[in-house]
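Visitor: I'd like a walk through this fold, one question at a time. Could you show me what we're looking at?

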Amino acid sequence: MSRNMELALLFFGFVYSVSGFVLHESIPEGHSVFSYIENDIVTASSPSSSQALMVNLTLIEVAASKGAVCLDGTLPGYHLDPGFGSGANSWLIELEGGGWCNNIKTCVYRKTTRRGSSNYMEKQILFKGILSNKAEENPDFFNWNRVKVRYCDGASFSGDSQNEAAKLQFRGQKIWLAAMEELMSKGMQNADQALLSGCSAGGLATIIHCDGFKSLFPNSTQVKCLSDAGFFLDAADVSGGRTMRNLFAGVVQLQEVQKNLPESCLSQFDPTSCFFPQNLVNHVETPLFLLNAAYDSWQVQASLIPASADPYGSWNDCKSNHANCNSSQIQFLQDFRAQMLNALQDFSTEPQAGMFINSCFSHCQSERQELWFTDYSPLLTGKPVAIAVGDWYFDRDSFKAIDCAYPCDNTCHNLVFN
């Protein structure tokens, strides 16, 4: 794998912005095989592909007057598919993910992509997984108003600053506020039920904004939050360095993220530490569900085994396919899992908390139909992700489950990198 690709993995989100980078998935024998390209799933045989739901991009026209703009100054946007029937007054908001930019160089590059400019955003995107409008694909939320808010600030919708010399606008917090104001005017203010979700950098944004989302609604509205693959750990990489902490420190300092982090956290930790979910989740008062792979593929690839920590490539085979890891490498990954479970100890005791922590090499399980809800989705306590989240949201079951350690789970869909 080239150095340039490694940089792209680290700063822009490995499955999101690396053009042509193909991930194959190992799934239980007898099931369809597919490739994962640019955050879209291409299936060999998908019964609903002919009826795929493509949803148009809407730009927030009033955003510029509020200073709520993408890195390059263009308007932010979202995709909305209206609810119907019993879901007409229920709203699901998904915050898009896709890595971060932590210095002027990476942010200047990012503003030439859809992660930093609406000029490059797709005019239509496919709604699937938790955004699907089909009951057989999304049993609890299919007829809700479903929204995807596009990510173009590079700091998990939380920065508020600028760099005039580089012509960069760091306005994630203002984008968040402008998007919520727009959606409230579109009917969300009448919601009986609301769920804020997001994957990866969007999963972190969900944790940051969960209580703010709750504050938009009266107490009569049931409001909860789902963070998917957003539980990034302040863990040492294979060289003993702090790749993830260095990345987050750059993001926080450059974009002045500390302005929008909880005071209750900042009174205990430095701002960079308060950008890490392990220090944030215990300051969230709104019911929160954490969906995460214990061996999260992005964290394994970009924060635990970046090229800078493995200059001789001794981990290349292992990080591209866990089946190639030797015993000491597997032990390193087991130690990472142990750190994650330790960081979740206090959160797991919260009565309103939900958890689905499976021992898979995966990332973003709510956005991908094969992982969210099919006959061969990953299972914990016999339930796929969609049912576990639905049971928790609707108070059918206070779902909290942590998988046994790898390789015990034969329902996993493990990503394999070419």
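Guide: Before the helix pairs, one convention: axes are lines fitted to C-alpha atoms, for helices over the stretch in contact, and angles run from 0 to 180 degrees between N-to-C directions. Also keep in mind that this is a predicted model.

Visitor: With that settled, at what angle do α8 and α10 pack?

Guide: Helix α10 covers residues 327-343, and its axis lies 12 Å from that of α8. The crossing of these two, α8 and α10, is right-handed. As for the angle at which α8 and α10 pack, it's about 110 degrees.

Visitor: How does that orientation of α8 and α10 get classed?

Guide: Angles of 65 to 115 degrees count as roughly perpendicular. The α8 and α10 pair packs at about 110 degrees. So α8 and α10 are, relative to each other, roughly perpendicular.

Visitor: Which residues of α10 meet α8?

Guide: Start on the α8 side, where Gln299, Val300 and Leu304 take part. By class, the contact of α8 with α10 has six nonpolar residues, one polar and no charged. The partners on α10 are Phe332, Leu333, Phe336 and Met340.

Visitor: α8 also packs with α5, so how far apart are their axes?

Guide: Here α5 is residues 243-255 and α8 is residues 297-304, with an angle of about 85 degrees between them. That makes α5 roughly perpendicular to α8. Thr243, Met244 and Leu247 of α5 make the contact with Trp298, Ala302 and Ser303 of α8, and the classes come out as four nonpolar, two polar and no charged. The distance between the α5 and α8 axes is 8 Å.

Visitor: Staying on α5, is Gly250 buried or exposed?

Guide: Gly250 sits in helix α5. The cut-off for buried is under 20% relative accessible area. At 15%, Gly250 is therefore buried.

Visitor: What is the handedness of the crossing where α3 passes α4?

Guide: α3 is residues 172-185 and α4 is residues 201-214; their axes come within 12 Å and cross at roughly 35 degrees. Gln173, Trp176 and Met180 in α3 meet His209, Gly212 and Phe213 in α4. That contact divides into three nonpolar, three polar and no charged residues. The crossing of α3 with α4 is right-handed.

Visitor: Let's move to the loops. What is the relative accessible area of Phe141?

Guide: Phe141 belongs to the loop between β7 (124-127) and β8 (145-149). Not counting residues up to four places away in sequence, Phe141 touches Leu92, Ile130, Arg146, Leu195, Trp372, Val389, Gly390, Tyr393 and Phe394. From Phe141 to Ile130 is eleven residues in sequence and 7.0 Å C-alpha to C-alpha. Phe141 is buried, and its relative accessible area is 0%.

Visitor: Which residues is Ser366 in contact with, leaving aside neighbours within four places in sequence?

Guide: Look for Ser366 in the loop between β14 (354-358) and α12 (369-372). This serine is buried, with a relative accessible area of 1%. Leaving aside those neighbours, Ser366 contacts Glu94, Gly129, Ile130, Asp228, Leu291 and Trp372.

Visitor: Zooming out, what share of the protein chain's residues is buried?

Guide: The protein chain has 13 helices and 16 strands. Among contacts with a separation of 6 or more, 74% join residues 24 or more positions apart. Of the 418 residues in the chain, the buried share is 61%.

Notes:
Residues are numbered from 1 along each chain as its sequence is written. This is a predicted model: local features need pLDDT of at least 70, side-chain atom pairs count only at pLDDT 80 or more; totals for chains, interfaces and linings use all residues. Side-chain values use heavy atoms; hydrogens and water are left out. Helices (H or I, at least four residues) and strands (E, at least two) are DSSP runs, numbered from the N terminus. Angles under 35 degrees count as roughly parallel, over 145 as roughly antiparallel, 65 to 115 as roughly perpendicular and the rest as oblique. Contact means heavy atoms within 4.5 Å. Ala, Val, Leu, Ile, Met, Phe, Trp, Tyr, Cys and Pro count as nonpolar, Asp, Glu, Lys and Arg as charged, and the others, Gly among them, as polar. Buried means under 20% relative accessible area, exposed over 50%, partly exposed in between (1.4 Å probe, protein chains only). A crossing is left-handed if the near helix is turned anticlockwise from the far one by less than a right angle, and right-handed if clockwise.
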